[in-house]
Amino acid sequence: MDDKKIIELYWERKEEAIKETSLKYGRLCTHIAKNILSSCEDSEECVNDTYFAVWNVIPDERPNRFSAFISRITRNLALKKYEYISASKRNPAAITSLEELGDCISGTESVESEIEARRIESTIDKFLWRQSEEKRNIFIRRYWYFDSIENICERTGFTQSKVKSMLYEMRQKLRKHLEREGFEV
């Protein structure tokens, strides 16, 4: 079923919407949650929470890209759950990904306002669209989906050193781009 029909089912408040969402995007949501949480049970719970959140949000908005919309909800829920359950336990892949990006984007509270967050998001989005599709996909795989370097290498056929080098180069370019745009890095 196409996304417009699924969204229409949500608007009509038909429970079939959740079933269709699960059929079409269940694997994607599970992949995102599992990369962050490293636990099948927690990931499954997160995916179910995603369906509930989508059910509650859709009547207020009609997303243009449903896949991005549901991915963002899953990712945010998984990150919140990760923060909650991992006071002492850490997912090394997620921590490493966030630490790598930490050089480009500070985690300080100075970027709390919604307007500033949207401005940063827009700036990063524009930066990524200026990169080659190959580099953009690797960057997104690493920092949005929290894929491991090994997983990215399997998908692309590149060596680990090439992927690491591409990610390093992209982080450096992103840092300079953010600074040019007036963000304190």
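1. Let me start with Ser38, which is exposed at a relative accessible area of 51%. As this is a predicted model, I would like to pair that value with the backbone: phi of Ser38 is positive, at about 55 degrees, although the residue is not a glycine. Ser38 sits in the loop between helix 2 and helix 3.

2. Which other residue deserves a look for a positive phi without being a glycine? Phe146 does, with phi near 60 degrees. Its setting is the loop between helix 7 (133-143) and helix 8 (149-156). Is Phe146 buried or exposed? Phe146 has a relative accessible area of 1%, so it counts as buried, whereas Ser38 is exposed.

3. Now to Asn35, a residue of helix 2. The cut-off for buried is under 20% relative accessible area, and Asn35 has 19%, so it counts as buried.

4. A few words on the nonpolar interior. In soluble globular proteins, nonpolar side chains tend to be buried together. Here the largest nonpolar core holds 26 residues, and the members that touch the most others are Tyr10, Ile36, Leu37, Val54, Ile58 and Phe66. Two or more residues each come from helix 1 (3-11), helix 2 (16-37), helix 3 (40-57) and helix 4 (66-85). Helix 2 gives the largest share of this core, with seven residues.

5. Please look at the other core as well.

6. On the overall fold, the protein has nine helices and zero strands. Along the sequence this gives the pattern α-α-α-α-α-α-α-α-α.

7. Finally, the totals. The protein has 185 residues, and 39% of them count as buried. Its accessible surface comes to about 11,400 Å², and carbon and sulfur atoms account for 49% of that area.

Technical notes
Residues are numbered from 1 along each chain as its sequence is written. This is a predicted model: local features need pLDDT of at least 70, side-chain atom pairs count only at pLDDT 80 or more; totals for chains, interfaces and linings use all residues. Side-chain values use heavy atoms; hydrogens and water are left out. A nonpolar core is a set of buried Ala, Val, Leu, Ile, Met, Phe, Trp, Tyr and Cys residues joined through side-chain atoms within 4.5 Å. Buried means under 20% relative accessible area, exposed over 50%, partly exposed in between (1.4 Å probe, protein chains only). Helices (H or I, at least four residues) and strands (E, at least two) are DSSP runs, numbered from the N terminus. Accessible areas come from the Shrake-Rupley method with a 1.4 Å probe; for residues, only the protein chains shown count as cover.
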